[in-house]
Every structure is written in structure tokens, then in C-alpha cells.
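Subject: Structure for your review

Dear colleague,

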Amino acid sequence: MPLESIADPTIRIKPSSKMINFISCNARDSDAPANIRSLYKSKRSKEEKIAKSAALTLADLRWLNDFLIKYRKTATKRIYLHELLVDSDVILPAPRETPRNPELEARIQKLTAQQNAREYQAMTKSIDSVRKFLPEDTIAYQMKQINKQLIAVVQFLFSVLAAFAFGFIGVEYIVGNLDFGFRLLLGIICALIVALAEIYFLALKLNEDIDVTPKSTKLHED
């Protein structure tokens, strides 16, 4: 699925039980950030689920590190921030997924199924006497397909050239003498219009070719 930009890039830490116990017993400071206070408040009220679901930001960890520096000066047991971070989970920011267009999703599923069917037919062709020798495997069939592609390309080029000639030369015969630059612009505009139309109809033709069920598939189903 397509992803949107990250709305909130904040990195959060889900504290471990050791960190929650230390904060609830020793870090009851009125100057503590709101997230720190929520830990020992929830612990004091025995709301374990709230305490475990709380998350700390990097700013909260900086405050906790400064508190530990002061705490070690008077405490008998030295505790460092990395010890409290053991078993803590890091929650990284994630982009939100944008739901894909249902029509596009259906189209992708259809193309995937067709591709899987073609791959299956290719794998099982050698063991099926009905489909062992298909027209697609002959040189004549391949040359016919190449000729169809070449004809489509030649038709596209002739159509574009004819449209350019009409805009560059034909319009001048209709309205009289025109500036060379204006004639050139008319020719390019006409060629672009015809090229876009040709590309559209070519795409429709290719779409029809993809939707056609191969004969080998029908034989296999029968």
C-alpha cells in the first residue's frame, strides 16, 4: 500500500518494569515531565495496565538521566540509565498506510491471477498432450506477433507525420500565407494531439489483448 509522510516523528520508549519501579519509588519530583509523573501515579494507584502502556520521549529520558546523576551522589546503590533501559521497547515512528483504490486493487488482483494462470500453463504444458504443441511455440506465430507490433509502430509514425504535415502545410493552403514559426507550432500541436490519441487507442488494444483468455486455458478447463 502507498505510504504517507510521517506526521509525528517522535521516538518513544516503552519503559520496562525495572524502570517503572525505579521511577515510582525514587523519581517523585514535582518538576518531572508529565510522562514520568504518569508512571509513578499509575503505579501508586495500582493501575498496572496504564503504567505499562505509557511511553517516554527522548526529552523524558534526558530528564531521567539528569535525575540519575543527582541521585547517584546521595544513593548507596549507583543506577545508570542504560540499566533501566534493559528490556525496554523502542517505538519508532511509522508512516500511515493509505488505502488503495478498490478499482485499482481489483485490477491488480485480476492481472496477478492472469499472470499466475500463464505461468501454470507454461509449467504444465509438457505433461499435457493437448497443450504440448501450441501455436505460440512456432516461429510463424512469433513472426506474426512481431509484424503486428511493427505495423502498429509504423501506423503511429505515419499518423503523427501526417498530422504534422497537415498543420505545417495544409493549414497554409486553407488560410493563405503564414509565418514559418506559426506553421511549425501548428504542425507540432496537431502531431501531439494525434500522438496522444494513437497512444490511447494503442493502450486500449493492449488492454483487450491482456483480457483475452488463452485458448490453452480453455482446453485445460474442458
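The notes below go from the overall fold to particular residues.

Please bear in mind that this is a predicted model.

Overall fold

The protein contains nine helices and three strands. Along the sequence, these elements follow the pattern β-α-α-α-β-α-α-β-α-α-α-α. Of its 222 residues, 22% count as buried. The protein exposes about 16200 Å², and carbon and sulfur atoms supply 62% of that area. Among contacts between residues at least 6 apart in sequence, 65% join residues at least 24 apart.

Ile13 in strand β1

Ile13 belongs to strand β1, which covers residues 12-14. Its relative accessibility is 7%, so Ile13 counts as buried. Which residues does Ile13 contact, leaving aside its neighbours within four places in sequence? They are Ala54, Ala55, Leu56, Leu61, Leu85, Ser88, Asp89 and Val90. For Val90, which is 77 residues away from Ile13 along the chain, the separation between the two C-alpha atoms is 4.7 Å.

Aromatic pairs

The structure holds seven aromatic pairs. One of them is formed by Phe22 and Phe67 and is edge-to-face, with 6.5 Å centre to centre and 70° between the planes. Phe22 lies in helix α1 (residues 17-26) and Phe67 in helix α4 (residues 58-74), so this pair ties together parts that are 45 residues apart in sequence. Both partners are buried: Phe22 has a relative accessible area of 5%, and Phe67 has one of 15%.

A second pair to inspect is that of Phe168 and Phe180, whose ring centres are 5.6 Å apart with planes at 90°, so the pair is edge-to-face. This pair links distant parts of the chain, with Phe168 in helix α7 and Phe180 in helix α8 (residues 180-211), twelve residues apart. Are its two members buried or exposed? Phe168 counts as buried because its relative accessibility is 16%, under the 20% limit. Phe180, by contrast, has a relative accessible area of 51% and is therefore exposed, the limit for that class being over 50%.

You will also find one aromatic cluster formed by Phe22, Trp63, Phe67 and Tyr71. Phe22 and Phe67, the edge-to-face pair described above, are thus among the members of that cluster.

Annotated spans and a nonpolar patch

An unreviewed UniProt entry lists residues 150-174 and 180-203 under "transmembrane region". In the model, residues 150-174 are 100% helix and 0% strand, and the end C-alpha atoms of this span are 34 Å apart. Residues 180-203 are likewise 100% helix and 0% strand, with their end C-alpha atoms 34 Å apart.

Phe166, Ile169, Tyr173, Ile174 and Val175 make a nonpolar surface patch of about 590 Å². One of these residues, Val175, lies in helix α7, which runs over residues 139-175. Val175 counts as exposed because its relative accessibility is 54%.

Yours sincerely,
A colleague

Conventions:
Residues numbered from 1 in each chain as written. Predicted model: local features only at pLDDT ≥ 70, side-chain atom pairs only at ≥ 80, totals over all residues. Heavy atoms only, no water. Helix = DSSP H or I, 4+ residues; strand = E, 2+ residues; numbered from the N terminus. Buried < 20%, exposed > 50% of the residue type's maximum accessible area, 1.4 Å probe, protein only. Contact = heavy atoms within 4.5 Å. Patch = residues over 30% accessible without salt bridge, like charges linked within 9 Å, V, L, I, M, F, W, Y side chains within 5 Å. Areas by Shrake-Rupley, 256 points an atom, 1.4 Å probe, with all protein chains shown as cover. Salt bridge = Lys/Arg side-chain N within 4 Å of Asp/Glu carboxyl O. UniProt positions renumbered as here; feature names shortened; annotations may be inferred. Phe/Tyr/Trp six-rings, centres within 6.5 Å; stacked < 30°, edge-to-face > 60°.
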